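The sequence and coordinates are shown below for reference.

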Amino acid sequence: MTTSTTSPGRSEVHPVDEKLPLPKLAALGLQHVLVMYAGAIAVPLIIGGALKLTKEDIAFLIAADLFCCGLVTIIQSLGIGKIGIRLPMMMGVTFTAVAPIIATGSNPQLGLPAVFGGVMAAGVFTLLVAPYVSRLLRWFPPVVTGSVVLIIGLSLMRVGINWAAGGNPTIPGPSGPIANPNYGIPSHLAISGIVLLTILFIIAYCKGFLSNIAVLIGIVTGFLITLALGQVNFVGMKSTGWFQLITPFHFGMPTFDPMTIVTLCVVMIVIMIEGVGQFLALAEVVERPLAKDDIARGLRADGLGAIIGGVFNTFTYTSYAQNIGLVQVTGVRSRWVCVAAGAMLIVLSSFPKISFIAASIPQYVLGGAALVMFGMVAATGVRILSHVDFVNNRKNAYIVAISLALGMIPLVADRFFSQLPELLAKFCQNGILLGTFTAVLLNVLFHAHEKAPAEDTAIAPAEGKAA
């Protein structure tokens, strides 16, 4: 399916800038929405569940996220001044920041206000460093970036596994934590398994559009099963209005915790490095070369997206690779398609009953999908590491090994650093920050004497974060 048969040399309007008829624009925009919808709603569902928010608050998170996805997509694709890459790019909330967000949000002394403050600060940081990102790449070659993304993926797996079993192993009791009686119930495990197998079956035997929405189909399948078994609770839905506007600072004014800000800034560096690969991949698909200024405009949109997310009660945003694949599959290169998709997401955010239904999906249904999505984050780290030379430079293996080992300490031994001074303990208890610091430090130690490490210029496009 293509939008134009005229060769680029003869066409006065590049296919990227071509304005399509409204019916075609609407159909193609809806397709982009369906491809990224599962990832867009999964992050607020997972974070809301992990932070034990009420169903109403989770529904608001979902609606706010759809609103921000649409707004940031329009900014990225349409462009505003020096912000936005002006290519057919769908923007969505990233899984990369889920682990530090849950860690901050679950801290009673910090909570969601500190999360949103950290997200906003990280967005400002991204806006400031976007023009200089090429200099930052030297400190984050694939051996570092791959290690960090792998640590993030492995950190998230604990959340996905517990969700598949029906929640956390322990729940608050009258005199302290007690065993969760609903944890590991065979029916929960079976439904999680069905969701997982459905996703894998579609990926294995379907192509094109169906393959792109495999996660969404898997979640819907699990939801329908739980609905038929009477395991879905719609209490409170009747009192939910049909229409609402997304208001800023719904959960209170943001606060600014230094450790959260530093962690999310590190996450944004990883997102920017992945983003460069995404931009280059999309530019090749649509046959429009990019200059350094174009890349800087695209990264500024990431930063502005984080600021918008913090203001409107959501999180950090990045380009969705599965939608880049959709552009390649369909051959439709018009950025106006993504602008239309962004408008649709904003409209969807205004209907809270839709968000409430999504918030009613049981945890164990999402757990089956989370195993795929979080596993894909880890797999992306492995794929980035595949560009690293481990044969001729054995030092790279030590960078990965040590940073991974230290990054996993808080995951497997949460009291390992409990006797350290409070500030140092906070730093060390953040596995992503500890692993990143270790990877960067070891890379400098082992490669500082080298003029131009081979991997510095080999940043490959990251694969789908959301599916």
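## Salt bridges

The structure is a predicted model. The count of salt bridges in it comes to four.

One of them joins R335 to D17, with 2.8 Å between the closest N and O atoms. This pair links distant parts of the chain, since R335 lies in helix α13 (residues 335–349) and D17 in the segment before α1 (22–50), 318 residues apart. The relative accessible area of R335 is 12%, which is under the 20% limit, so R335 is buried. D17, at 23%, is partly exposed.

E287 and R333 form another salt bridge, their closest N and O atoms being 3.2 Å apart. Here too the pair links distant parts of the chain: E287 is in the loop between α10 and α11 (292–311), R333 is in the loop between α12 (321–330) and α13, and 46 residues separate them. R333 counts as buried because its relative accessibility is 15%.

Within helix α11, R297 forms a salt bridge with D294, and the closest N and O atoms are 2.5 Å apart. The two residues are three places apart in this helix, and therefore about one helical turn separates them.

## Nonpolar cores

The largest nonpolar core comprises 121 residues, and those with the most contacts inside it are I46, I47, F95, V98, L299, F315 and F374. Helix α10 (residues 258–286) supplies the largest share of this core, 15 residues. Leaving aside neighbours within four places in sequence, I47 is in contact with V98, I101, I102 and F315. Another core, of six residues, lies apart from the largest one and includes L25, L28, V332 and V337.

## An enclosed helix

Helix α4 (residues 111–129) has 19 residues and reaches 27 Å from its first C-alpha to its last, close to the 27 Å expected at 1.5 Å a residue. Of these 19 residues, 14 are buried, so α4 is largely enclosed by the rest of the structure.

## Nonpolar surface patch

W242, F243, L245, V347, F351 and I354 form a nonpolar patch on the surface, with about 680 Å² of accessible area together. I354 is located in helix α14 (residues 352–359). Its relative accessibility is 37%, so I354 counts as partly exposed.

Key:
Residues numbered from 1 in each chain as written. Predicted model: local features only at pLDDT ≥ 70, side-chain atom pairs only at ≥ 80, totals over all residues. Heavy atoms only, no water. Helix = DSSP H or I, 4+ residues; strand = E, 2+ residues; numbered from the N terminus. Expected span 1.5 Å × (residues − 1). Buried < 20%, exposed > 50% of the residue type's maximum accessible area, 1.4 Å probe, protein only. Core = buried A, V, L, I, M, F, W, Y, C linked by side-chain atoms within 4.5 Å. Contact = heavy atoms within 4.5 Å. Patch = residues over 30% accessible without salt bridge, like charges linked within 9 Å, V, L, I, M, F, W, Y side chains within 5 Å. Areas by Shrake-Rupley, 256 points an atom, 1.4 Å probe, with all protein chains shown as cover. Salt bridge = Lys/Arg side-chain N within 4 Å of Asp/Glu carboxyl O.
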